[in-house]
Amino acid sequence: MPSFICALDEIMINEGVTLLFDTICSDVFMENGVCKGISVENKGGRCYYGCKQLIDTTGDLDLFKRAGAPCKDGLNWLSFWALSTNLDRLKKCCDSGDIQQLLKINMLGTDRDGIMNPPGVRRYTVDSGEEVTKFIMRGRAYLTEHLKNMDKTKEMVLQVPAQAQYRTTRYLDTDYTLSEKDKNKRHEDSVGCAWTFRDDGFFIEIPYRTMKAKGFRNMLTAGRTISSVGMACEVSRLIAPSAVSGEAAGTAAALSIEKDLDVNDLDITELQRELIGAGGIIHF
């Protein structure tokens with residue numbers, strides 16, 4: 001939502017974060033398990049940034065993969081969500097006085113669980129540019145069919161996806177992977193909690209060990225690329241839980257720099273103490 005994006009912009013500017021839009025991280029430079037820096041490309045060309053710690057929140061685990069870390073590809077049902085409105089929505093909006101009633105989400109293809117998947121449509125990964133292109137173009141074919149069949153005097157499509165609508169792309173293959181069995185389960189190395197209304201509602205605790213890989217001494221991940229699968233991934237990938245794991249990753253990186261430690265050697269109790277001091281909830 002625009003208000004959420006603008007609020008994040010304000011926070012980052014106030015905290016002195018340097019932003020680089022329209023910039024792609026293209027490679028990592030490793031030495032004995034330490035990421036020394038990354039190369040990026042944008043309109044100004046290619047340049048290098050050195051780093052003491054690297055948190056891979058590309059959403060696709062691109063930097064961990066290029067560093068040679070153990071990663072696994074997720075499988076995705078093909079869905080294509082587009083925002084639209086119609087005369088019935090407009091009337092409802094005017095009658096209620098609520099502008100939020102104006103928009104409708106057209107969920108074309110299948111949903112996140114593969115229900116109503118069209119016959120013969122496979123699942124997709126992000127293992128190549130060609131694969132991603134096939135995913136996007138098949139989704140646009142659904143939209144084209146919808147546009148041909150809709151009454152253009154009564155309905156209008158307002159917005160189509162700005163990026164490929166993958167839900168699970170890659171995740172870190174660590175010593176522990178969150179899954180169905182972790183519903184309402186306590187983890188001694190938890191760095192935060194998440195809750196979902198699905199399956200009658202349940203909590204998951206996010207273990208620190210799902211965010212790091214052995215042998216990669218100054219690299220962490222957060223959000224949808226931590227080691228999680230199935231329903232656990234459906235929870236951990238959402239915005240609020242991603243903020244929880246992101247704060248934990250940032251705090252762990254800062255402590256590792258301060259104490260000159262490998263992220264794998266960080267004292268979990270000290271990390272938890274810092275997170276609790278900032279208002280975090282470690283155990284449900």
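Colleague: What kind of model is it, and what are the ground rules?
Modeller: This is a predicted model, where local features need pLDDT of at least 70 and side-chain atom pairs count only at pLDDT 80 or more, while totals for chains, interfaces and linings use all residues. Residues are numbered from 1 along each chain as its sequence is written, and side-chain values use heavy atoms, with hydrogens and water left out.

Colleague: What is the mean pLDDT of the chain?
Modeller: The mean is 93, and 100% of the residues reach 70 or more. pLDDT is the predictor's confidence in each residue, from 0 to 100.

Colleague: And where in the chain is confidence lowest?
Modeller: Confidence is lowest in strand 7, at a mean of 88, and highest in strand 12 (residues 219–221), at 98. Strands here are DSSP runs of E with at least two residues, helices are runs of H or I with at least four, and both are numbered from the N terminus.

Colleague: What order do the strands of the open sheet have?
Modeller: The order is 7-6-8, three strands with antiparallel pairing. Two strands pair if DSSP finds at least two bridges between them. Strand 7 (104–109) and strand 8 (155–159) are the edges, each pairing on one side only. From one strand to the next, the twist averages 45°.

Colleague: How many bridges join strand 6 to strand 8?
Modeller: Four, and the two strands run antiparallel. Asn86 stands opposite Glu155 in strand 8. On the strand 7 side, strand 6 (residues 79–86) pairs over six bridges, also in the antiparallel sense. There, Trp81 stands opposite Met107, and Ser79 faces Gly109.

Colleague: Is strand 6 buried or exposed?
Modeller: Six of its eight residues are buried, so strand 6 is largely enclosed by the rest of the structure. Buried means under 20% relative accessible area, exposed means over 50%, and partly exposed is in between, with a 1.4 Å probe and protein chains only. Ser79, in strand 6, is buried with a relative accessible area of 6%.

Colleague: Which residues does Ser79 touch?
Modeller: Leu108, Thr110, Phe135 and Gln165, not counting residues up to four places away in sequence. Contact means heavy atoms within 4.5 Å.

Colleague: What lies across strand 6 and strand 7?
Modeller: Helix 3 (residues 87–96) does, running at about 60° to strand 6. Axes are lines fitted to C-alpha atoms, for helices over the stretch in contact, and angles run from 0 to 180 degrees between N-to-C directions.

Colleague: New topic: how many disulfides are there?
Modeller: A search of the whole structure finds zero. The cut-off is a pair of cysteine sulfur atoms within 2.5 Å. For Cys71, the nearest cysteine sulfur is that of Cys35, 14 Å away. Cys71 is partly exposed, at 23% relative accessible area. For Cys193, the nearest cysteine sulfur is that of Cys233, 18 Å away. Cys193 counts as buried, at 15% relative accessibility.

Colleague: Last one: what about those backbone angles?
Modeller: Most residues other than glycine have a negative phi. Leu61 has a positive phi, near 60°, and Asp200 has a positive phi too, near 65°.

Colleague: Where are they, and are they buried or exposed?
Modeller: Leu61 is in the loop between strand 4 (54–56) and helix 2 (62–66), and counts as buried at 0% relative accessibility. Asp200 is in the loop between strand 10 (190–196) and strand 11 (202–207); at 82% relative accessibility, Asp200 counts as exposed.
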